[in-house]
Amino acid sequence: MARKKITVIGAGHVGATVAQLVAYKQLGDVCLIDVVDGLPQGKALDLLESAPLENFDSRVVGTNDYADTDGSDIVVITAGLARKPGMTREDLRDKNAGIVKSCCEEVIKHSPDCFMIVVTNPLDTMTYVAKKYTGLDKSRIVGMAGVLDSTRFRSFIATELDVSMEDVSATVLGLHGEDMVPMPRLSSVAGIPITELLPKEKIDEMVERTKFGGAEIVKLLKTGSAYYAPGASVVNMVESVLLEKNRLVAAAAYLEGEYGIDGLFMGVPVKLGAKGVEQVVELNLTDEEKAALHKSAEAVKHSMESLKV
Ligand code: TXD
């Protein structure tokens, strides 16, 4: 079997973490690309030098030249500005839209058949920009946010109940922002709904913490945003596609009528496998959940309408 190739655009905090995990897990060869001269080359070389200790044979290359991305199976877009304290994800919109556009126009010439995972914020809107400038089919492009929002929720639940992280699953739908929709009803410990295990006030508290999970890290770091959990979330999705695992995860998928939403990317449960987005799973939602999801969709629509690219 030919080795897979994973290109990561943006060699910053999230990009470097993705490259590291992809190499450690030997999911394929890694190409790290950035506009800054020397940054991707330096990080790639440093990572490669850890190979004899971590026992991996993935090739790791750093570059500023899109020719080196040729024939990628997976492209991850992390290029762009990150938040500083006091900023919303929307504050990044116009600058990041220009960056995502320029990266997409280049990378797609070299890897027209790639599966693309967009990470840059504001996530749902940037995934739309990426689809527009790559022309990728909706089965070949998603935004990463739901896996991150649910792993945050999962970690809070496991810590609160003092149970293994492994046993906790959680669902978070909607946009990647404060209007996201954590779903306690569909979150469980070894199959037991958390609504059976925790009082409502405690669950409400964790739901709020999840919604502001990104801001909590930004406030602590002061110089940028989260990257360990975001990097691990991306690699979880890469793995599901390359290893054809068909995992059910929440991801920003292009909706055309599902959930009564049309023409935008937003977090819904999808099946990720060999072909990419194999299926958008439609859940029966309560009226309250439906209303929350539609509020989320309105916010994404507003962001898209304000776009300047
Ligand atoms: O859940 C999620 N989707 C997110 C999103 C979780 C965490 C971070 N999220 C967003 O990802 C964040 O708001 C940012 O928009 C991106 C990247 O975050 P990161 O923390 O990695 O930012 P850095 O460390 O500043 O890295 C960005 C890199 C940096 O090295 C720039 O030089 C590079 O992007 N960059 C470019 N690379 C290639 N091409 C162009 N045009 C370019 N412009 C900047």
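Author: Helices and strands here are DSSP runs numbered from the N terminus, with helices being H or I over at least four residues and strands being E over at least two. By that assignment, P122 is found in the loop between β5 (115–118) and α5. The model is predicted, so local features need pLDDT of at least 70 and side-chain atom pairs count only at pLDDT 80 or more, while totals for chains, interfaces and linings use all residues. Residues are numbered from 1 along each chain as its sequence is written, and side-chain values use heavy atoms, leaving out hydrogens and water.

The peptide bond from N121 to P122 is cis, with omega near -5°. D124 belongs to helix α5 (residues 123–134). D124 is buried, meaning under 20% relative accessible area, with exposed over 50% and partly exposed in between (1.4 Å probe, protein chains only). D124 has no salt bridge, a term for a side-chain nitrogen of Lys or Arg within 4 Å of a carboxyl oxygen of Asp or Glu. R89 is the nearest side chain of opposite charge, 7.8 Å away from D124; Lys and Arg count as positive, Asp and Glu as negative, and His and the chain ends are not counted.

With residues up to four places away in sequence left aside, D124 touches G174, L175, H176, A252, F265, M266, G267 and V300, where contact means heavy atoms within 4.5 Å. A polar atom of the D124 side chain lies 2.9 Å from the backbone nitrogen of H176. Such a polar contact is a pair of N or O atoms within 3.5 Å; within protein, one must be able to donate a hydrogen and the other to accept it, and residues adjacent in sequence count only if both atoms are side-chain atoms.

The ligand is surrounded by 30 residues, the closest being H13, V14, D34, L81 and M144; a residue counts if one of its heavy atoms lies within 4 Å. Ligand oxygen atoms are 2.7 Å from an N or O atom in the D34 side chain and 2.6 Å from a polar backbone atom of L81.
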